[in-house]
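Student: I would like to go through this structure term by term. Please set each label against its cut-off.

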Amino acid sequence: MGLKHALLPSLLLAAAVPSLVVAQDLLKPNPKDWLTYSGQYHAQRHSALKQITAANVGRLQAKWVYHMTGQKDLEAVPIIANGVMYVSQYNRIDALDARSGNIIWQYQRQPIATGAQRGTGFWNNKLYVTTSDKHLLALDARNGSVLWDVAVHDGLQLAGQAPLIAKGKLIVSGNQPHGFIQAYDADTGQYLWSWTPVPGADDPKALASWGGQKPDGMPIWVSGSFDPDLNLIYYGTGQPEPQWAGEGRPGDNLYSDCIVALDVDTGKLKWAYQNTPHDTHDYDSLEMPVLVNGNWKGKPRKMLLQANRNGFYYVLDRTNGEFLQATQFVKKVDWLKGWDGGKPIPDPAHDPSVKGTTTCPSTAGATNWPSPTYDPALHMFYFVAQEGCGINLRDTARNYAGTGYLESPEEGKTWQLFTRALDAFTGKKVWDYEQVTSHHYGPGLMSTAGGVLFSPEEFGQFTALDSKTGKVLWHFNTGDVITASPVSYSVDGKQYVAVISSSNVFSFGLPDGGAK
Amino acid sequence: MRLAVAIAVLALTVTAADAQRRAAPDTGPRNPFADNQAAIDEGRGLFNTTCTGCHGANGAAGEFGPGLAIPGRSYARTTDSQIFDAIKNGITGTPMPAHAGKLNDDQVWKVAAYVKGLRGTAIDAPSPGDVAAGEAVFRGKGQCGSCHMVKGQGSIVGPDLTNLASLRKTNSIIDALTKEQHRVYGPGGAQPHLLTPLSVWPVVRVTTADGKTMRGVLRNEDSFSLQVMGLDQQLHLYDRSKVKVVYEPKGLMPSDYDKKLSKDEFNNLLAYLTRLGTLPQPASAAVKMPGGPERD
């Protein structure tokens, strides 16, 4: 069928479907939609849909595939609102009929760009585009028309993370010249506030943690979570610069490798917890902070859970950043000498060296940005664990040596990815699923109320596991690398599970005739 | 309807731009350091302190950028001045940043000279020696044909070498003949598109339910299946859940050719191997085949 003929009915359909989403919907989204990068503000990535169950997922079948022309290695999480799916890249959004995969409209600002752009945001009938030329746009979700177009404040380039829309604010972040978070009015594009992990003169204690060197680095390239009751947004920050040479910056180097809580109205820092003080291994803390309420040792707590790149699974009190627990989740961790209360003590013997220093976990991390998921019924935390060490090199012993280092797998040894289930509150491992042939980062996960954990694999298998046991229930070879996280949505009473594999969006459902 | 027209126009624009880029004559200046080995070495030093975060040490492919030393030939920037421009001013629409302000023009030229030198494969400068004698070593004393095929002659267990010199650098071929562990630069980026077994050729022993064991080379695998080229030169397809798999720690490729061959035999073999393949066409950004996507 020709493109023209395919488009016409889709356009009519779009006009007939109301697609107005207001702030209230983001607070309590209908499970049929997937409105934010992590599904909901608490970033649990758990779909309440349960038509697809552990009992029937074995019959799951591909319903459609949409090829995103000119793209590869897409990392975007699609947004689905009222039966329409939005897939983003820098400078671009494609709007699809979420039942058929037929394109409804495409917005493409020149030039065509590729890169690790991880999703858009949806609010009040608007979608947001990060451009490659340092602009931020809002599109009309009905037809892709540009509603506003603003230059990013201070002329900065935004990173590829999906924007977080909280309390009518569009929250974005970036890496250069150093890490930053900015907020804009999501309706008008008006700039509101900025925060940076680089401490200023008004924060002498943090400034002193750099031993006199000018604080630098700390990129922020993954979206965060939001607690509307506490009025706080939670983000991770990246590694200090120079990345591999720590001797010029003696001290903890705040606020590098931290989980930070910011007031959503002002951008002021409420608290920070530093996972990796004085980092020389690129253990940034950009893994998604997941917000969970529950009983912690018999007492109700508002918790923040994070599986960190440095090999520890953290439980914090998210009201004040209090350290509750850290549990080692990979076999070997040797970058630290021990703990001083809730603060790890790095081991300088594992600093990068000219001849190479073996360190565990590797610089790629014991886990990385691919999203974890939390099942509120089972109290299980699922994430992608990467077992393996690396060799950290520096090309010169010169102090303040630049960027002459690389992430380096050991000769003859490959890293190995596992889908790993932890008891969310004790941090104890419940089960493991080995992703054969997956060695690097891997895609993110999604749990569902149907008891199915969707776990895509690096080289294209889209696998469904039993949430309780990790047993394989179903799999499908999408034929290309998967680096994105899956989502679930429902249209006309039918549940779909979708994931992007390189340049193709796949959507799966049960055979027609409904769930049996 | 308007959208369809808009897409068609866009496609035409892109095609025209591609054609223009391919046809663009090299009007920019030549690299002033093109044949200056000291400057190229300096460029290597600058590269390894400036570019490795994305492109990897010595261009071996890093976390975020393409490996510049890989044998792929789809270079977007072909001329000296284009490479200079990419380094100095960055590449719009990609994460490649501008280095103006960080490197002066002389330094950019030196890095550009080093980067250009990373390109190409063995066939661009074949090794000297007696090619016919080298082929005799390949078929005879070296026993290369017991695993490898060249132009339809040999075994199908190992990699086909018909086009070897168009795919590998000379150093990489020497490493393969002499080192147990030899690295081949892949396409790079954070997500390699080649499955590991396809480039590593690991050896497995697979035992089936009836107790029979098959030894062979793993061509691919995933969590659910295995594809094995048996030493019997038959393809075996297995369900992982129905077999027992042992991964052998060592590959089949001998790595002592520098010892078991005389120096002349080794050099002649290298002369033969570095001529296997076809000299590529002049570098171009892309090849557009007729009967393309202009449907509807």
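Predicted model: local features only at pLDDT ≥ 70, side-chain atom pairs only at ≥ 80, totals over all residues.

Student: Why is α6(B) called roughly perpendicular to α11(B)?

Tutor: Helix α6 (residues 131–139) of chain B and α11(B) pack at an angle of about 100°. Angles of 65 to 115 degrees count as roughly perpendicular, under 35 as roughly parallel, over 145 as roughly antiparallel and the rest as oblique. Therefore α6(B) is roughly perpendicular to α11(B). The two axes are 7 Å apart. Axes are lines fitted to C-alpha atoms, for helices over the stretch in contact, and angles run from 0 to 180 degrees between N-to-C directions.

Student: Which residues of α6(B) and α11(B) meet?

Tutor: Contact means heavy atoms within 4.5 Å. Among the residues that meet are Val137(B) and Phe138(B) in α6(B), and Leu269(B) and Tyr272(B) in α11(B). By class, this contact of α6(B) with α11(B) has eight nonpolar, two polar and three charged residues.

Student: What makes α8(B) oblique to α11(B)?

Tutor: Helix α8 (residues 170–178) of chain B packs against helix α11 (residues 263–273) of chain B at about 130°, with the axes 11 Å apart. That angle makes the pair oblique. The crossing is right-handed. Ile173(B), Ile174(B) and Leu177(B) are among the α8(B) residues that meet α11(B), where the partners include Phe266(B) and Leu270(B). The contact of α8(B) with α11(B) divides into seven nonpolar, two polar and no charged residues.

Student: Why is α4(B) called oblique to α5(B)?

Tutor: The axes of helix α4 (residues 80–89) and helix α5 (residues 105–117) of chain B cross at roughly 120° and come within 9 Å. That makes α4(B) oblique to α5(B). Their crossing is right-handed. The contact includes Phe84(B) and Ile87(B) of α4(B), and Trp109(B) and Val111(B) of α5(B). The residues of this contact of α4(B) with α5(B) divide into eight nonpolar, one polar and four charged.

Student: What makes β6 and β7 of chain B edge strands?

Tutor: Two strands pair if DSSP finds at least two bridges between them. The five-strand open sheet of chain B runs β6-β5-β4-β3-β7, with antiparallel pairing. β6 (235–239) and β7 (244–247) each have a single partner strand, so one side of each is left without a neighbour in the sheet. The twist averages 40° from one strand to the next.

Student: How do you know that β3(B) and β7(B) pair?

Tutor: Strand β3 (residues 203–207) of chain B and β7(B) share four bridges, in the antiparallel sense. Val206(B) has Val245(B) as its bridge partner.

Student: What do β29(A) and β30(A) form?

Tutor: They form a hairpin with five residues between them, and Gly427(A) in the turn has a positive phi of about 75°. Strands β29(A) and β30(A) pair in the antiparallel sense over five bridges.

Student: Where does Ser353(A) lie, and what makes its link to Thr357(A) a polar contact?

Tutor: Ser353(A) lies in the loop between β24 (343–346) and β25 (357–359) of chain A. A polar contact is a pair of N or O atoms within 3.5 Å; within protein, one must be able to donate a hydrogen and the other to accept it, and residues adjacent in sequence count only if both atoms are side-chain atoms. The side chains of Ser353(A) and Thr357(A) make such a contact at 2.7 Å.

Note on methods
Residues numbered from 1 in each chain as written. Chains lettered and ligands numbered in written order. Heavy atoms only, no water. Helix = DSSP H or I, 4+ residues; strand = E, 2+ residues; numbered from the N terminus. Left-handed = near helix turned anticlockwise from the far one by under 90°. Nonpolar A, V, L, I, M, F, W, Y, C, P; charged D, E, K, R; others polar.
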